[in-house]
Amino acid sequence: MCIFNSGAAIAKQQAQLAQGQANQAAADAAQKQQAITTGMTNINNAFAGFDQNYFDSLAKNYTDYATPQLQDQYNLQKKNIIYNLARGGNLGSSVYGDQMALLDKQNAQDMATIQGTGQDYANTAKQNVQSAKQNVVNQLNTTYDVAGTNTEALQQAQLMAATPSFSPLGSMFANVSALAAQNKLASQGYGAGMSGVAGPTGAGTGSFGYSVG
Amino acid sequence: MCDPVSIGLTMAGTALQAYAGSQAVGATKKVIAQQAATNEQERAQQQQFTQQNAGTVADTLKSYSPQAAGQRMDQAIANRGNAYTTPLQAKNFVADMPSDFDPNNVVAGRNAFTGNQQKSASIASALAKAKLDAYGDATLGGNIAAQNNSNQIGATNLIARNYLNADKAQQAVFAPQMQAAAHAGDTTGTIGDLFTMAGMMNAAGGGSGLSNMWNKASSYFSSPIDPYGFSGAVATGAPKSLVSSLGGGGGYGWGTGASLGGVY
């Protein structure tokens, strides 16, 4: 016979304690769900500006930056070809057409390369934005800190929105220049050979090309 | 002759014990019902999370399906192709040909042909390059979509896990609640025991002639039930005092001491 029934009292106390912990856990779970939902919405909003239009404009920014440089190089190369051929008296020859075709071909390839580089810049920016977003999401999942991750997301978005630094365009017509130089030498050699027939040595078939210039 | 007080008290104690027992069973049933309800609620919630994740997984799989990947690739090729060929389409290749320097129409015509040919070749080359470069775009697009879905699944899993932990905490409540319910009968039973003991003490008091003293002692528990001093009548009117006690066992006693044995 147990008058004061300590077993029941202890069990009741334990139940009350466990219920308190359960209530706390339930409240925590609801709070964390709210934090994740709100936090994810905040993060998505912070990075919402980085849509396809943004990345397209980023690619266009690069092409707008690089295309005039390419055009300058093209014009310069075209002048060089004309001057070189004019000096050799071959301006109206088919060599001019060939070299111009070669120049245009290279120019077309360079234009595509510039467009491609612009797209690559956009893709790199996409990856960077996604990576920054991922970091903030991970931070939210770890800390459940809505305000902190919101601030972080906004800061990261601001950083990502800064214009990337573009590398200046290198020499795009080096191949054409080398070929033009070879053609020039060949045409000069041919001319020398021809003049060599009447040259002081009386020798030369034109393949030697000793009298350059 | 039975002591009516003792019998009454004992009956009251028995009834209380029975009542307490039914109360304990009721409390246990209630706890089990709560547990089942919580289980069901949590099961439904987890099922909802699972369904949500299943939808996201299905979307990811759909995104990686050959059809979706093909569409994404086609779109990427078209995007790159347009980007590469648009400036070439706008460019007049013939204008760069040396027709200005050549009065011969034949040469000019040939150069124009070369220029046009060059344009076609350049566009074809650009389209080929677009196909190569588009693979990266399509892959990146698919990966970003998958990662976003993965984030969604991760968030859902996190929420689900938190609720599961909360449910585990709630489930941990039921064991002590069940224990408390089981002991609840003891609590009420003890009151019954007290009534029973009071009755026994009354009987013992009557048998020993110490009714006044025992009445004082038992009145603490049973004074409302024993207002007429039946225990005194037992002491004087009954040479053989039958002490009935369901709680501690019964005993026939003559005079002092014998009935006290019943208490033990």
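Predicted model: local features only at pLDDT ≥ 70, side-chain atom pairs only at ≥ 80, totals over all residues.
1. **Fold of chain A.** Chain A holds 5 helices and 0 strands. Read from the N terminus, its elements run α-α-α-α-α.

2. **Burial and surface of chain A.** Chain A has 213 residues, and 39% of them count as buried. Its accessible surface is about 11500 Å². Carbon and sulfur atoms account for 55% of that surface.

3. **Contact range in chain A.** Take the contacts in chain A between residues at least 6 apart in sequence. Of these, 74% join residues at least 24 apart.

4. **Extent of the interface.** The size of an interface is often given as the accessible area lost when the parts come together. Here, chain B and chain A bury about 4200 Å² between them. Carbon and sulfur atoms carry 63% of that buried area. In residues, the contact draws 53 from chain A and 46 from chain B.

5. How many salt bridges link chain B and chain A? The count is 2. Arg80(B) forms a salt bridge with Asp120(A). The closest N and O atoms of that pair are 3.1 Å apart. Polar contacts across the interface of chain B and chain A come to 9 residue pairs, with both residues at pLDDT 80 or more.

6. **Where the chain B side comes from.** Two helices of chain B, H2 (66-90) and H3 (105-208), each supply at least two residues of the side that touches chain A. Which element gives the largest share of that side? H3(B) does, with 34 residues.

7. **Composition of the chain B side.** The side of chain B that touches chain A has 23 nonpolar residues. A further 14 are polar and 9 are charged.

8. **A residue to look at: Ser122(B).** Ser122(B) sits in helix H3 of chain B. Is Ser122(B) buried or exposed? Ser122(B) counts as buried because its relative accessibility is 5%, and the cut-off for buried is under 20%.

Note on methods:
Residues numbered from 1 in each chain as written. Chains lettered and ligands numbered in written order. Heavy atoms only, no water. Helix = DSSP H or I, 4+ residues; strand = E, 2+ residues; numbered from the N terminus. Buried < 20%, exposed > 50% of the residue type's maximum accessible area, 1.4 Å probe, protein only. Contact = heavy atoms within 4.5 Å. Areas by Shrake-Rupley, 256 points an atom, 1.4 Å probe, with all protein chains shown as cover. Buried area = accessible area lost by both parts, 1.4 Å probe. Salt bridge = Lys/Arg side-chain N within 4 Å of Asp/Glu carboxyl O. Polar contact = N/O pair within 3.5 Å; in protein donor to acceptor, adjacent residues only side chain to side chain. Nonpolar A, V, L, I, M, F, W, Y, C, P; charged D, E, K, R; others polar.
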